[in-house]
Amino acid sequence: MRALPIAVTVLAAALALTSCDDSGDNNSSSKTSETGKTSTNAVAAADCKIDSVGIQVGPANVAPAAGDTGNIPVTITNRDSQCTLKGFPGLEVHAGSTSTDIVADKAATPEKLTLAKNDTASFTITYVRGTAGDANTLDLKTLKISLPGATATQDFTWSYGPVAGKGGAGELNASVTPFTHAGD
C-alpha cells in the first residue's frame with residue numbers, strides 16, 4: 001500500500017521537471033519584464049522599404065478609347081527580411097512640369113500585411129482614359145510609387161494613354177486600391 005503514494009509523488013515530480021527549461025522557468029511564449037509588462041518572444045516586422053522590394057507594373061488592361069476604364073495591376077515582392085505593409089501606396093504622376101497624386105479608393109479598407117522574404121502583395125490602379133489635348137486631361141509620362149510612411153520612390157514610364165480629370169486636370173479620374181496578398 002505504500003508503493004502507490006510513492007509512485008504518485010515520483011510521477012508528479014517528473015512532470016514538474018519536464019515543464020521547465022534550463023533556467024527553471026516554465027515554457028511559455030511570454031515573459032514579464034521588471035516593469036510588470038508582458039511581452040512575447042516574437043519580433044515585430046519593420047515596415048517594408050522601397051529599396052528592399054521588387055516592383056512589377058502591369059501587364060495592364062489598358063483603356064482603349066477616351067471614356068473607357070483601364071486597370072493596372074502592380075505587384076510588390078519582398079526581397080529582404082520579413083516586413084509589413086499597411087494602407088495604400090503613394091502614387092504621384094507627372095505630365096511634363098505638372099504633377100498630381102492618384103488618390104486612394106475611398107470605398108476600400110486597408111489591412112496590415114506581413115510579407116516574409118519572397119512574399120508578394122499587389123494593388124491596382126484604375127483610371128479613365130482622357131482625350132489627348134483636352135484641358136481636363138493629363139498626358140502622363142511618369143508614375144512614381146512609394147510605400148506607406150516613406151518618401152523614397154521607384155519611377156516607371158506611364159504608357160497607358162492620357163488620363164481624364166474630374167472637372168480639371170489637377171484631380172485625376174483615377175484611384176488606387178490598398179495592398180492585398182498576391183499569389184496563392
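# Salt bridges, a disulfide and a sheet

Visitor: Is Asp139 buried, exposed or partly exposed?
Guide: Asp139 counts as partly exposed, because its relative accessibility is 40%. Buried means under 20% relative accessible area, exposed over 50%, and partly exposed in between, using a 1.4 Å probe and protein chains only.

Visitor: What kind of model is this?
Guide: This is a predicted model, in which local features need pLDDT of at least 70, side-chain atom pairs count only at pLDDT 80 or more, and totals for chains, interfaces and linings use all residues. Residues are numbered from 1 along each chain as its sequence is written, and side-chain values use heavy atoms, with hydrogens and water left out.

Visitor: Back to Asp139. What does Asp139 form a salt bridge with?
Guide: With Lys141; the closest N and O atoms are 3.3 Å apart. A salt bridge here is a side-chain nitrogen of Lys or Arg within 4 Å of a carboxyl oxygen of Asp or Glu. Lys141 is partly exposed, at 46% relative accessibility.

Visitor: How many salt bridges are there in the whole structure?
Guide: The search finds two. Lys144 also forms a salt bridge, with Asp155, and the closest N and O atoms there are 2.9 Å apart. Lys144 sits in strand β13 (residues 142–146) and Asp155 in strand β14 (residues 154–157), so this pair ties together parts that are 11 residues apart in sequence. Strands (E, at least two residues), like helices (H or I, at least four), are DSSP runs numbered from the N terminus.

Visitor: And is Lys144 buried, exposed or partly exposed?
Guide: Partly exposed, with Lys144 at 21% relative accessibility. Asp155 is partly exposed as well, at 44%.

Visitor: New topic. Which residues does the disulfide join?
Guide: Cys48 and Cys83, with an S to S distance of 2.0 Å. Cys48 lies in the loop between β3 and β4 (53–57), and Cys83 in strand β6, so the link ties together parts that are 35 residues apart in sequence. A disulfide is a pair of cysteine sulfur atoms within 2.5 Å, and the whole structure has one.

Visitor: Which hand does that link have?
Guide: The link of Cys48 and Cys83 is right-handed, with 80 degrees about the S-S bond. Cys48 is buried at 4% relative accessible area, and Cys83 is buried at 6%.

Visitor: In what sense do β3 and β6 pair?
Guide: In the parallel sense, over two bridges, with β6 covering residues 83–86. Ala46 stands opposite Cys83 in β6.

Note on methods. Two strands pair if DSSP finds at least two bridges between them.
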